[in-house]
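I opened the coordinates to see how the chain is put together. My notes follow in the order of the look-ups.

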Amino acid sequence: MLNAISAQSDSYREFWTEYHLCTLTTMRPDGRPHVVPVGVTVDASAGVARVITRKSSRKVANILARGSEARVAVCQVDGGRWATLEGVAEVCTDEAIVQDAVARYGERYGRTPAPDPERVVIRISIERCMGQTLPMQPRSSQPTA
């Protein structure tokens, strides 16, 4: 069954496997956005994105404060290519889920983070995808009259 990410083009899904720093946007309890740099892994077949972090982080507090309505966005940019994933986030503490997310992070980013007993996973059920992931065409250098 197709989900929001698996329905995207091969270039879109491939872009989420390349090494790029991303941002995660959560909403503070007062409604202001909180945007921080993160590493993101995407499982297109499951329709989820994952962020590993510490349970004491502001982003985790923001998600927990919103409960089952914690809407978030992750984004990455590379020149003219960009992609944003929107969805509902949950905080996972189960050790097997954390270890799986750490392994996925290691695959994408080429390094495995040191063990951290405070580590949790922000699991995003992807509902919407946006972006432009095809290489930009060079501008023509036509002389102006």
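**Entry 1: whole chain.** I looked up burial first: buried residues make up 40% of the 145 residues in the protein chain. I took buried as under 20% relative accessible area, exposed as over 50% and partly exposed as in between, with a 1.4 Å probe and protein chains only. The model is predicted, so I recorded that local features need pLDDT of at least 70 and side-chain atom pairs pLDDT 80 or more, while totals for chains, interfaces and linings use all residues. Residues are numbered from 1 along each chain as its sequence is written, and side-chain values use heavy atoms, without hydrogens and water.

I then read off the C-alpha trace, which spans about 65 × 35 × 35 Å along its principal axes. The protein chain exposes about 8,400 Å², of which carbon and sulfur atoms supply 52%; these areas come from the Shrake-Rupley method with a 1.4 Å probe.

**Entry 2: elements.** I found 3 helices and 7 strands, in the sequence pattern α-β-β-β-β-α-β-β-α-β. Both are DSSP runs numbered from the N terminus: helices are H or I with at least four residues, strands E with at least two. Among contacts (heavy atoms within 4.5 Å) between residues at least 6 apart in sequence, 71% join residues at least 24 apart.

**Entry 3: strand 4.** I asked how far strand 4 (residues 48–54) is enclosed by the rest of the structure.

I next listed its partners, counting two strands as paired if DSSP finds at least two bridges between them. Strand 3 (residues 41–43) runs antiparallel to strand 4 and is joined to it by 3 bridges; Asp43 stands opposite Val48. The hairpin of these two strands has 4 residues between them, and in it Gly47 takes a positive phi near 70 degrees. Strand 7 (residues 119–132) is also antiparallel to strand 4, with 7 bridges; there, Val120 is the bridge partner of Thr53.

**Entry 4: helix 2.** Which residues of helix 2 (residues 58–66) are buried? I noted Lys59, Val60, Asn62 and Ile63. Seen down the helix axis, the buried residues fall within an arc of 160 degrees, so they line one face of helix 2; the arc is that of the directions from the axis to the C-beta atoms. Leu64 and Ala65, on the other side, are exposed. The buried residues pack against several strands, including strand 4 and strand 7. Just after helix 2, I recorded a positive phi of about 60 degrees at Gly67.
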